[in-house]
Amino acid sequence: METLMLTGTEQSLSEARPNSIDFDRIANLHYLGNYVRRLPINLARMMENAYDWEHLPYVHASSFSSIDLIDSGAWGWRAKIGLPDGAPASHQLLDLLVESDRHYWVSTVYSGPGTGIEIHTQATTIDEDEIEVDVRFYLPEAPENETGAEMILAYMQQQYATLYDEDQDLMLGRQSALNDRQRWGAGAPSSKDVLVGAIADLDPDEIHTVELETGRFCVRQYQGEWLVHSAVCTHLLGPLDASQINDKGELTCPWHGYHFDLRTGENSERKCRALVKPPELIERSGQLYLRPV
Ligand code: FES
Ligand SMILES: [Fe+2]
């Protein structure tokens with residue numbers, strides 16, 4: 001694993017940070033306003049998302065360009081974050097403290113642009129598959145005037161609308177991947193070959209996704225040869241069915257950027273298991289079939 005380089009100041013700032021939410025601090029901050037959003041997911045997915053620091057530069061690429069973890073635990077996480085091109089300074093130090101029983105979390109920028117901004121989020125269940133998040137923005141000091149305050153609030157609300165649009169897709173994708181996994185776990189492999197299609201009809205530039213009783217797989221061409229790989233990432237079940245192949249012959253998962261060798265299925269970073277072994281790909285009379293293994 002790469003070691004994260006922090007400057008001496010960044011290190012001492014990080015060490016001085018508490019690992020629990022100090023609710024009394026709010027009294028010293030300026031409450032700017034909030035952003036309220038209903039989401040068609042359950043609290044489990046939402047809390048998982050709050051702890052998931054690693055998705056920031058991948059799922060929210062327009063807001064974050066990189067993330068390096070400083071520390072994490074049941075209390076939350078602390079990280080050095082790269083801001084996208086055009087931002088006045090390139091890094092922020094940020095932490096996200098969680099009170100998981102209360103479904104409450106606070107993110108605080110403690111170095112870099114926006115230092116001192118605290119964002120408090122309360123998630124509440126509406127019904128089985130719907131929650132509401134109330135995102136409250138606190139600034140270290142009141143803006144100079146009403147117009148300034150309105151502009152900052154509108155900007156924050158817009159930014160959070162985008163972040164939650166992106167998170168909603170991620171959380172819905174994750175929930176449906178969990179449901180699929182449950183269904184596939186109960187499925188028995190088919191005893192017959194499953195037709196993918198006639199080679200003459202299969203577009204070599206497309207990814208052909210096939211769902212079997214035991215999983216979802218992608219049939220595609222690489223360097224002129226047809227091959228098959230799992231459509232599901234082994235980290236947190238991210239979708240690999242639109243993943244382009246890089247020049248090292250790897251697939252990249254869109255959720256946390258893990259790479260998988262297309263031929264062996266191994267994770268290049270050695271952070272998670274290899275991809276599920278795909279069925280055998282068979283050519284017979286000009287047709288491609290998958291033979292469950
Ligand atoms: S789900 Fe995390 S890298 Fe694929
Ligand atoms: Fe997110």
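Which residues does Gly33 touch, not counting residues up to four places away in sequence? Keep that one in mind; the tour comes back to it below.

**Stop 1: the whole protein**

Start with everything shown. This is a predicted model. The protein has 293 residues, and 25% of them count as buried. The C-alpha atoms fill a box of roughly 75 × 45 × 35 Å along the principal axes. Take the contacts with a separation of 6 or more: 48% of them join residues 24 or more positions apart.

**Stop 2: the seven-stranded sheet**

Now select the strands β1 to β7. They form an open sheet in the order β1-β7-β6-β5-β4-β3-β2, with antiparallel pairing. Look at the two ends. β1 and β2 are the edge strands, and each has a single partner strand, so one side of each lacks a neighbour in the sheet. On average, neighbouring strands here are turned by 20° against each other, direction ignored.

**Stop 3: the β1 end**

Select residues 30-39 for β1 and residues 130-139 for β7. Nine bridges join these two antiparallel strands. Pick Asn34 and look across: Arg136 of β7 stands opposite.

Follow the chain from β6 into β7 and you pass through a hairpin of two residues.

**Stop 4: Gly33**

Stay in β1 and select Gly33. Here is the answer to the opening question: Gly33 touches Phe137 and Leu153, leaving out residues up to four places away in sequence. Is Gly33 buried or partly exposed? It has 15 C-beta neighbours inside 10 Å, so it counts as partly exposed.

**Stop 5: the β2 end**

Select residues 66-73 for β2 and 76-82 for β3; seven bridges pair them in the antiparallel sense. Two residues lie between them, and the strands form a hairpin. Highlight Ser72 to find its bridge partner in β3, Trp77.

**Stop 6: His103**

Next, find the loop between β4 (91-99) and β5 (104-111), and select His103 there. What does His103 contact, leaving aside its neighbours within four places in sequence? Show Leu43, Met47, Gln122, Ala123 and Thr124. His103 has 18 C-beta neighbours inside 10 Å, and therefore counts as partly exposed. Now draw a line to Asp247. That residue is 144 positions away along the chain, and the C-alpha atoms are separated by 42 Å.

**Stop 7: two helices**

Select residues 43-51 for α2 and residues 146-186 for α4. Two packed helices are described by the angle between their axes and the distance between the axes. For α2 and α4, the angle is about 120° and the axes are 10 Å apart. That makes α2 oblique to α4. The crossing is right-handed.

Show the side chains at the contact. From α2, pick Arg45, Met46 and Asn49; from α4, pick Asp167, Leu170, Met171, Arg174 and Gln175. By class, this contact has three nonpolar, two polar and three charged residues.

**Stop 8: the three-stranded sheet**

Last, move to β9, β10 and β11. They form an open sheet in the order β9-β10-β11, with antiparallel pairing. β9 (208-212) and β11 (225-230) are at the edges; each has a single partner strand, so one side of each has no neighbour in the sheet. Neighbouring strands of this sheet are turned by 25° against each other on average, direction ignored.

Zoom in on β9 and β10 (residues 215-222). Five bridges join these antiparallel strands. Select Val210 and then Phe217 in β10, its bridge partner.

Terms used: Residues numbered from 1 in each chain as written. Chains lettered and ligands numbered in written order. Predicted model: local features only at pLDDT ≥ 70, side-chain atom pairs only at ≥ 80, totals over all residues. Buried ≥ 20, exposed ≤ 12 C-beta atoms within 10 Å, placed from the backbone. Contact = placed C-beta atoms within 7 Å. Pairing = 2+ DSSP bridges. Helix = DSSP H or I, 4+ residues; strand = E, 2+ residues; numbered from the N terminus. Axes fitted to C-alpha atoms, helices over the stretch in contact; angles between N-to-C directions. Parallel < 35°, antiparallel > 145°, perpendicular 65-115°, else oblique. Left-handed = near helix turned anticlockwise from the far one by under 90°. Nonpolar A, V, L, I, M, F, W, Y, C, P; charged D, E, K, R; others polar.
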